[in-house]
Amino acid sequence: MVSEQPVDERVVHRLWLAGALPRERYQPALRLARDDGFWRRWGERAVLALASGHLLAGVLFFFAFNWQDLTPFAKLTALQGGVVVAALGSRLPILPELVRETLLIAATVLVGVLLAVFGQIFQTGADAWQLFAAWAALTLPWVLTGRSAGHWLVWMVVVQAAVLTYVDDIHWFKSDNGEPVAMILIALPALLLLIGRELMVGRWDWLRPGWARLVPLAVALGLLFFGAEVAVVGATAAWTMLVFIIALAAATSLYSQWRRDFAAMALIVLLGCGFVATVAVRLTSFHDDIGTFLLATLEISLIFGAGSWVLRRIHRSWSDVGHD
């Protein structure tokens, strides 16, 4: 029996689709193929991530609640000590690898808290985006040496926050013409990280988890989609629609041919249908009456129905030959 859980499930599913496995034997076969060790490891990681998140949230709430009672020395010393202990603990070989990864992620988060507290104490006058940019720059070496997809995801959130707050400080991006452009700029970090992930996944196994692909893909395409939607509805910055179409076409080619990924294709088809539906409704909405509403409903139903049909065809064809 194949030891990897995803492969076993796919084999059973392909046998059922091919008619070699009766319907009543499908669920029992899945139970036999289940790798209990896989789910045990998944549960341990989930519990550890949840516990670490609660602990770090507790640190934040502690400083927020006791802010007036703590001296500047106590605030900075406690946070610096936490960063040092977490960073050094992540290098202890006696600890399990998962615990060391979690400690390094905690150190990264505490660096951000330390910078925020430092700015509050000394009133540096730095903008929010400068805080996040410094946070990302200081912790980048840990991300590269930590070799953890979870750490990489946390760092991506910090970078996205830096770009988001930077755009928020520029008033031009809040205008009708600037809002679609702002979405492209905000999507750029996730897009670059996604490209880096796809280029380095063969060398860095720690980037192999599927969610390490889906999260930046969803962020990048989602923001580009929002910018294109704003351009369609507001009839402004039309070139941002072209950017979204090019990105969607590139992602379709990548995840349907080079790296087959059904979850990625489902996201791509969903966003593509949403964009086409918006354009169709925009072009056919001449009057605010019941006829226009019914026509828009019909258009949306047909477009998403076609998208569902495409996904079913993709899933069936990939199930017959297997996919990545």
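The model is predicted; local features need pLDDT of at least 70, side-chain atom pairs count only at pLDDT 80 or more, and totals for chains, interfaces and linings use all residues. Residues are numbered from 1 along each chain as its sequence is written, and side-chain values use heavy atoms, with hydrogens and water left out.

The protein has 12 helices and zero strands. Both kinds of element are DSSP runs, numbered from the N terminus: helices are H or I with at least four residues, strands are E with at least two. From the N terminus on, the order reads α-α-α-α-α-α-α-α-α-α-α-α. Of the 324 residues, 37% count as buried. Here buried means under 20% relative accessible area, exposed means over 50%, and partly exposed lies in between (1.4 Å probe, protein chains only). The accessible surface comes to about 19,000 Å². Carbon and sulfur atoms hold 68% of that surface. Accessible areas come from the Shrake-Rupley method with a 1.4 Å probe, and for residues only the protein chains shown count as cover. Contacts (heavy atoms within 4.5 Å) were also counted. Among contacts with a separation of 6 or more, 65% join residues 24 or more positions apart.

Leucine 48 is partly exposed, because its relative accessible area is 26%. Leaving aside neighbours within four places in sequence, leucine 48 is in contact with Leu98, Val99 and Thr102. Leucine 48 and valine 99 are 51 residues apart along the chain, yet their C-alpha atoms are separated by 8.2 Å.

Glutamate 101 sits in helix α5. Its relative accessible area is 16%, so glutamate 101 is buried. Not counting residues up to four places away in sequence, glutamate 101 touches Arg45, Arg147 and Ser148.

Helix α6 covers residues 128–146 and has 19 residues. From first C-alpha to last, α6 reaches 26 Å, close to the 27 Å expected at 1.5 Å a residue. The expected span is 1.5 Å times one less than the number of residues. α6 bends by about 45 degrees at threonine 139. The bend is the angle between axes fitted to the seven residues ending at a residue and the seven starting there. A proline, proline 141, follows within four residues of the bend. Trp135, Ala136, Thr139 and Val143 are buried in α6. An α-helix has 3.6 residues a turn, so residues three or four places apart point the same way. The buried residues of α6 pack against α5 (97–122) and α7 (149–169). Arginine 147 follows α6, and its phi is positive, near 55 degrees.

Helix α8 (residues 178–200) gives the largest share, four residues. Isoleucine 195 has its place in α8. With a relative accessible area of 43%, isoleucine 195 is partly exposed.

The structure holds four salt bridges. A salt bridge is a side-chain nitrogen of Lys or Arg within 4 Å of a carboxyl oxygen of Asp or Glu. Arg197, Glu198, Arg213, Arg259 and Asp261 are linked in a network of these bridges. Arginine 197 and glutamate 198 meet at 3.2 Å, N to O. Both of these residues are buried. Glutamate 198 also meets arginine 213, at 2.8 Å, N to O. Glutamate 198 lies in α8 and arginine 213 in α9 (residues 211–234), so this pair ties together parts 15 residues apart in sequence. Aspartate 261 meets arginine 213 too, at 2.8 Å, N to O. Aspartate 261 lies in the loop between α10 (239–258) and α11 (262–284) and arginine 213 in α9, so this pair ties together parts 48 residues apart in sequence. Aspartate 261 counts as buried because its relative accessible area is 11%. Arginine 213 is buried as well, at 10% relative accessibility.
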